Amino acid sequence: MSTETSILLPTATVDLFLRDSKTIEAAKSLQHDWRFARVSVRVHDGDVEAAIRMYENAKSADIIMVETDTTEKAFIDRLGVLSGSCDEGTSAIVIGPVNDVNLYRSLTAMGVSDYLVRPVPVDTLSEVIAGTLIEKLGASGSRLISVIGSKGGVGVTAISQILANLSSETLLQKTLLIDAAGAWSSMGVGMGFDPVASTTEAIKAVVGKDADSLRRMLYQSNDKLAVLATGMEPMLEVSPQIAQFEEILNTTMSSYPVVIVDLSGAGPALKKSILTRSHEIMIVSTPTLASLRSARSLMTEVKKLQGGKGDHLDLIVNMAGIAPGKEVPKGDIKAALDHEPEAIIPFDPKVFIGTENEGRKVSADKVGAEIAMKLMPLLQKATGLRHETNDDAAQGGALGSLMSKLKAKK
Ligand SMILES: Nc1ncnc2c1ncn2[C@@H]1O[C@H](COP(=O)(O)OP(=O)(O)O)[C@@H](O)[C@H]1O
Ligand SMILES: [Mg+2]
């Protein structure tokens with residue numbers, strides 16, 4: 001595998017119209033390739049006619065692969081019809097029965113990006129798709145999501161855990177959750193694990209490219225969710241250097257499409273360095289005056305870090321209802337912070353403290369599951385992913401086409 005395509009691929013859709021069973025098998029196995037975590041690969045049973053029918057009303061994919069039995073002029077004509085119903089910028093790749101240089105030349109002359117001979121082995125398939133996507137969309141790495149509080153105890157750790165569970169279980173992303181609090185981390189209680197290493201040891205493992213040691217420091221919370229189980233150091237020890245902490249991110253982001261950092265217990269310098277490189281920043285505040293006032297200042301500073309725009313800045317108001325009659329009303333929050341909260345989470349100690357004490361996730365509780373879903377739109381924005389299961393994405397044929405039409409109409 002060439003190194004330039006051995007990266008996490010950008011968010012994209014690929015539709016394959018196939019008949020050859022070996023190629024279908026290869027295409028389906030791409031769904032388990034970590035590089036394709038953000039690529040929706042849809043395998044349809046059919047040929048160029050099925051593709052034409054599909055895109056009459058639906059938005060076309062970033063890449064369309066079409067298998068053909070013939071290389072006659074009739075096929076080339078139908079390919080022309082297909083290109084007429086595709087959006088500009090769609091790449092087409094043809095899979096044919098024979099190796100034919102003239103055909104290859106005429107196809108590339110009409111804008112087809114590649115011609116492959118069936119059966120296409122999985123390595124070739126992934127290489128060609130990866131190469132085409134990188135050329136089209138550019139290499140784009142993982143998403144780093146930071147969660148930070150306007151002050152202590154506002155629920156950053158609780159919300160980071162909910163986000164990590166949603167990302168891994170609902171969006172099905174390989175996710176890493178890191179608590180930057182060092183010994184002050186409270187993550188183990190809510191997630192039900194004991195720290196096994198110090199932050200310094202984790203840094204040593206990544207700098208020394210010691211994958212085995214690093215693996216031992218990861219607590220696997222579910223199939224797709226790992227938590228960096230650090231925090232063994234003494235509470236009053238000086239924290240490691242910031243540049244070194246960044247090494248942890250550099251290493252883990254190359255293999256985790258989604259990395260969520262809980263900044264609730266980090267010092268200001270570490271907060272700043274991680275916020276600076278984050279793709280999405282979620283600020284948590286309670287609806288109390290003291291917390292909102294800090295949130296306002298923090299938002300101004302974060303916007304500056306993001307070049308003044310704040311498009312990737314979200315405000316989560318947590319514990320709404322904690323002080324009835326003494327809280328700042330929703331309308332006033334918007335006016336005072338010049339920002340509408342992206343999510344409002346109710347104060348519910350039974351759900352939050354209850355599940356935390358038992359080391360269970362918030363969504364293990366019925367009410368908790370509904371509360372957790374309030375954060376889904378933020379996570380979708382942060383990752384660029386839709387809330388769709390892999391099974392939906394893998395559906396071909398009538399259902400697949402119906403689903404994409406439904407989506408296209410939204
Ligand atoms: N919406 C909520 N309702 C009730 N309790 C909450 C809520 N959010 C968080 N908590 C609880 O408040 C406490 C502090 O939350 P935590 O996530 O540790 O805050 P932080 O990381 O910002 O310091 C925890 O015991 C947590 O379970
Ligand atoms: Mg915390």
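**Rings, a metal site and packing in a predicted model**

Reader: How many aromatic pairs does the count come to?

Author: This is a predicted model. Ring centres must lie within 6.5 Å to pair. By this rule, the count of aromatic pairs comes to two.

Reader: Is the pair of Phe17 and Tyr55 stacked or edge-to-face?

Author: Phe17 sits in strand S1 and Tyr55 in helix H2, 38 residues apart, so the pair links distant parts of the chain. Both Phe17 and Tyr55 are buried. Their ring centres are 6.0 Å apart, with 85° between the planes. Planes over 60 degrees apart count as edge-to-face, and the pair of Phe17 and Tyr55 is edge-to-face.

Reader: And how are the rings of Phe193 and Tyr219 arranged?

Author: Their centres are 4.9 Å apart. Their planes meet at 25°, and planes under 30 degrees apart count as stacked. So the pair of Phe193 and Tyr219 is stacked.

Reader: Where in the chain do Phe193 and Tyr219 lie, and how many residues apart are they?

Author: Phe193 lies in the loop between helix H7 and H8. Tyr219 lies in strand S8 (residues 218–222). This pair links distant parts of the chain, 26 residues apart.

Reader: Is Tyr219 buried or partly exposed?

Author: Buried means under 20% relative accessible area. Phe193 has 10%, so Phe193 is buried. Tyr219 has 27%, so Tyr219 counts as partly exposed.

Reader: Which residues coordinate the magnesium ion (ligand 2)?

Author: One donor atom is OG1 and the other is OG, at 2.0 to 2.3 Å. The residues that coordinate the magnesium ion are Thr157 and Ser264.

Reader: How many residues apart are Thr157 and Ser264?

Author: Thr157 is in helix H6 (residues 156–170). Ser264 is in the loop between S10 and H11. The pair links distant parts of the chain, 107 residues apart.

Reader: Is Ser264 buried or partly exposed?

Author: The cut-off for buried is under 20% relative accessible area. Thr157 has 13%, so Thr157 is buried. Ser264 has 35%, so Ser264 counts as partly exposed.

Reader: Why do the buried residues of helix H10 lie on the same side?

Author: In H10 (residues 242–252), the buried residues are Phe245, Ile248, Leu249 and Thr252. They lie on the same side of H10 because the arc they cover around the axis is only 95°.

Reader: What covers the buried residues of H10?

Author: The cover includes strands S6, S7, S9 and S10. It also includes helices H8 and H11.

Reader: Which residues is Ile76 in contact with, leaving aside its neighbours within four places in sequence?

Author: Ile76 lies in helix H3 (residues 73–85). With 21% relative accessibility, Ile76 counts as partly exposed. Its C-alpha atom is separated by 8.0 Å from that of Leu107, 31 residues apart along the chain. Leaving those neighbours aside, Ile76 is in contact with Leu103, Leu107 and Met110.

Methods: Residues numbered from 1 in each chain as written. Chains lettered and ligands numbered in written order. Predicted model: local features only at pLDDT ≥ 70, side-chain atom pairs only at ≥ 80, totals over all residues. Heavy atoms only, no water. Buried < 20%, exposed > 50% of the residue type's maximum accessible area, 1.4 Å probe, protein only. Helix = DSSP H or I, 4+ residues; strand = E, 2+ residues; numbered from the N terminus. Arc of directions from axis to C-beta. Contact = heavy atoms within 4.5 Å. Donors = N, O, S within 2.8 Å, 3.2 Å for Na, K, Ca; no water.
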